[in-house]
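Subject: Structure for your review

Dear colleague,

Please find below the structure I am handing over to you. My findings follow directly after it.

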Amino acid sequence: MNILILGSGGREHTFAWKIAQSPKCENLFVAPGNSGTANIATNVNIGVTDFPAIKALVLEHNIDMVVVGPEDPLVQGVHDFFLNDDAIKHVSVIGPQKVAAELEGSKEFAKEFLYRHNIPTAAYESFIAETVEKGYAFLETLKAPYVLKADGLAAGKGVVILNDLDKAKAELKSMLVDAKFGAASTKVVIEEFLDGIELSCFVLTDGENYKILPTAKDYKRIGEGDTGLNTGGMGAVSPVPFATDEFLNKIEERIVKPTISGFKKDNLPYVGFVFIGLIKVGDDPKVIEYNVRMGDPETEVVLPRLKNDFVDVLQAMAEGTLDKINLEIDDRAATTIMLVSGGYPEAYEKGKEITGVDAIEDSIPFHAGAVIKDGKIVTSGGRVMAITSYGDTYQEAIKKSYQNIEKLHFDKMNYRKDIGFDL
């Protein structure tokens with residue numbers, strides 16, 4: 001098979017790394033890719049939402065399958081674009097159609113879905129600029145902290161949690177009236193705050209059947225002890241030590257099953273990955289959010305634990321035969337530590353040379369915001385590289401990642417030194 005992966009991050013390098021191991025993969029392309037995918041695939045400099053250019057690439061290289069990494073092309077309807085074009089409708093696309101991608105494209109759409117199918121989640125209401133006064137009144141009915149979410153896609157930065165009521169009201173005005181997040185915050189969802197520990201559940205579905213991948217926990221804040229600004233993710237651990245068999249059973253029965261059956265009831269055509277952001281409140285799981293693709297950096301710890309030929313699994317998803325696949329999971333723990341540019345998640349510089357990658361032993365460097373320029377690997381984004389390791393325990397795996405990070409260098413390199421601290 002000839003396979004195309006859309007995206008340029010650590011998630012997509014992990015996809016490429018796993019797909020390249022399959023004897024079924026003849027030619028592998030990544031658009032636009034990064035310095036890591038360049039070693040195992042052909043990078044093509046095309047944007048993930050440039051659908052006409054993607055079509056031309058697919059036809060030129062006889063692509064059989066497109067694996068969509070990030071959310072933007074899914075929310076913009078890349079799967080529908082293929083289905084509606086006779087020249088490319090035979091190509092398998094891994095990722096939900098546009099109407100189903102609204103589960104990530106709109107916080108309100110996701111909350112309505114959760115309520116409709118009786119899936120446990122936080123109480124909420126949504127507001128627009130014209131109803132900002134009602135929003136103030138709703139905030140007054142809640143206890144601190146206050147959770148405000150931009151309805152649309154805001155690159156992972158549209159969620160604000162505040163402890164002060166007046167500040168929460170000011171933030172609501174800033175989002176709705178002053179368009180702090182642009183079009184993403186023309187509507188804002190206000191939720192009750194759930195107090196607990198978070199984890200991520202990843203589900204594969206062919207629209208009818210489902211399989212659950214290993215759980216993972218990521219660390220969103222830039223600073224040690226989960227302090228400071230939110231990022232796209234500073235590290236991850238899999239499996240999650242507190243996710244007992246009993247708790248995992250609750251996730252499957254109360255959340256996964258009604259989610260998959262909800263897709264069918266609501267006619268949401270869904271072939272792809274379902275990321276369910278969960279919080280453990282007491283002994284019970286509740287849904288914080290859906291994403292319609294794999295998480296990053298969780299992919300960097302979940303996929304390395306999958307023993308199956310990944311192309312077999314993707315094919316089964318595309319063909320509706322996922323029930324015939326038995327997932328084989330590596331018993332070892334996997335952890336990843338994200339190296340980021342100095343200043344991230346705020347302003348940072350690019351183009352810093354990265355050295356020491358060749359010296360890494362017994363860990364896997366998944367490239368993210370890094371590209372090859374003049375024969376050198378240089379930084380091109382905020383999150384630069386994820387260092388993944390296996391271990392008999394997550395502590396052992398984390399230690400290996402930190403030992404290998406010592407060998408790496410780029411100007412102003414930053415990373416959290418306490419991943420897994422709360423477990």
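A residue is called buried when its relative accessible area is under 20%. The model is a predicted one. With a relative accessible area of 1%, Cys201 is therefore buried. Cys25, at 13%, is buried as well. The structure contains zero disulfides.

Helix H11 covers residues 310-319, and seven of its ten residues are buried, so the helix is largely enclosed by the rest of the structure. The buried residues are Phe310, Val311, Val313, Leu314, Gln315, Ala316 and Met317. They pack against several elements, including strand S1 (2-7), helix H1 (10-19), strand S4 (65-68), strand S5 (92-94) and strand S10 (197-205). At the N-terminal end, H11 is capped by Asp309, which places a side-chain oxygen 2.8 Å from the backbone nitrogen of Val311. After H11 comes Gly320, with a positive phi near 75 degrees.

Two of the strands that H11 packs against, S4 and S5, also belong to an open sheet of five strands, ordered S3-S2-S1-S4-S5 with parallel pairing. Strand S3 (42-43) and S5 are the edge strands, each pairing on one side only. Between S4 and S5 there are three bridges in the parallel sense, and Val66 stands opposite Val93 in S5.

Helix H1 lies across S1, strand S2 (27-32) and S4, and runs at about 165 degrees to S1.

Yours sincerely

Note on methods: Residues are numbered from 1 along each chain as its sequence is written. This is a predicted model: local features need pLDDT of at least 70, side-chain atom pairs count only at pLDDT 80 or more; totals for chains, interfaces and linings use all residues. Side-chain values use heavy atoms; hydrogens and water are left out. A disulfide is a pair of cysteine sulfur atoms within 2.5 Å. Buried means under 20% relative accessible area, exposed over 50%, partly exposed in between (1.4 Å probe, protein chains only). Helices (H or I, at least four residues) and strands (E, at least two) are DSSP runs, numbered from the N terminus. Contact means heavy atoms within 4.5 Å. A polar contact is a pair of N or O atoms within 3.5 Å; within protein, one must be able to donate a hydrogen and the other to accept it, and residues adjacent in sequence count only if both atoms are side-chain atoms. Two strands pair if DSSP finds at least two bridges between them. Axes are lines fitted to C-alpha atoms, for helices over the stretch in contact, and angles run from 0 to 180 degrees between N-to-C directions.
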